[in-house]
Amino acid sequence: MKRTLLILSLLSVSLFSFAQDDEEEKRPFKENLFTGGNVTVSFFNGTTILGASPIFGYKLANWADAGIVANFIYSGQRDYQEFDDKVRQTVYGGGVFTRLYPVNFIFLQGQLEHNFTKLKYIPATSSFLPYNETVDATSFLVGAGYTQGRNPDNNTFYYVSLLFDVMKNENSPYVDRVYNPGTGQYSVRAVPIIRAGINIALFQGRNRRD
């Protein structure tokens, strides 16, 4: 994990240096800062899911962004193995990301994360035993997305993206385990991650001229 993080950090530094040299017009540092992220709120069939993934980043160039992300997702479910039992799961962690824009409204994204998953099972009767477990995993998410409202003079926009965890660690929150009856074994499969959110420019001038 340390080696992967070092490689991604060096890549981000290289992108930053190249992008700064490539920009014809230098903006003040603070005008390139942005924040944003996405939130998750869901209630269905005795299940509650609440989450947030805030981001903080820097616009390296008109075609490249980089930044950091934090994750927190809580999910609770009733009637998991018996009536009125409870399962509570908390995922928390963070990472770094890079987005490349071949055109203003399309981006390619790579995101390295390390997350911890805490699971707690609370039985309703003595038929089952209580259970606690905490695991962690490194994930590398890759994919693409679409933006609305982004242009060289506006870094506030909405986006939607589709990502996959290509590392497929069995403890990753972005995979599921599939049982193969032929072999009697489980295999790990990456599940699609759909995220919609907002990118907010922090200090970019509204009336800035070229």
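Visitor: Which strands close into a barrel here, and in what order?

Guide: Eight strands do, in the order S1-S2-S3-S4-S5-S6-S7-S10, with antiparallel pairing. Neighbouring strands of this sheet are turned by 25° against each other on average, direction ignored. A strand is a DSSP run of E with at least two residues, numbered from the N terminus. Please keep in mind that this is a predicted model, where local features need pLDDT of at least 70 and side-chain atom pairs count only at pLDDT 80 or more, while totals for chains, interfaces and linings use all residues. Residues are numbered from 1 along each chain as its sequence is written, and side-chain values use heavy atoms, with hydrogens and water left out.

Visitor: How do you know that S1 and S2 pair?

Guide: Two strands pair if DSSP finds at least two bridges between them. S1 (residues 33-44) and S2 (residues 47-61) have twelve bridges, so they count as paired. One example is Phe 34, whose bridge partner in S2 is Gly 57.

Visitor: What joins S4 to S5?

Guide: S4 and S5 (residues 106-122) are paired antiparallel over 16 bridges, and Phe 97 stands opposite Gln 111 in S5. The two strands form a hairpin with two residues between them.

Visitor: Why is the contact between Asp 84 and Arg 78 called a salt bridge?

Guide: The term asks for a side-chain nitrogen of Lys or Arg within 4 Å of a carboxyl oxygen of Asp or Glu. For Asp 84 and Arg 78 the closest N and O atoms are 2.9 Å apart, so the pair qualifies. Side chains of opposite charge can pair when their charged atoms come close.

Visitor: Why is Asp 84 called partly exposed?

Guide: Buried means under 20% relative accessible area, exposed means over 50%, and partly exposed lies in between (1.4 Å probe, protein chains only). Asp 84 has 35% relative accessibility, so it counts as partly exposed. Arg 78, at 40%, is partly exposed too.

Visitor: How many salt bridges does a search of the whole structure find?

Guide: It finds three. Another is formed by Arg 195 and Glu 113, with the closest N and O atoms 3.8 Å apart. This pair links distant parts of the chain, with Arg 195 in S10 (residues 193-201) and Glu 113 in S5, 82 residues apart. Both Arg 195 and Glu 113 are buried.

Visitor: What makes Asp 176 and Arg 189 a salt bridge?

Guide: Their closest N and O atoms are 2.8 Å apart. Asp 176 has a relative accessible area of 25%, so it is partly exposed. Arg 189, at 45%, also counts as partly exposed.

Conventions: Helices (H or I, at least four residues) and strands (E, at least two) are DSSP runs, numbered from the N terminus. Axes are lines fitted to C-alpha atoms, for helices over the stretch in contact, and angles run from 0 to 180 degrees between N-to-C directions.
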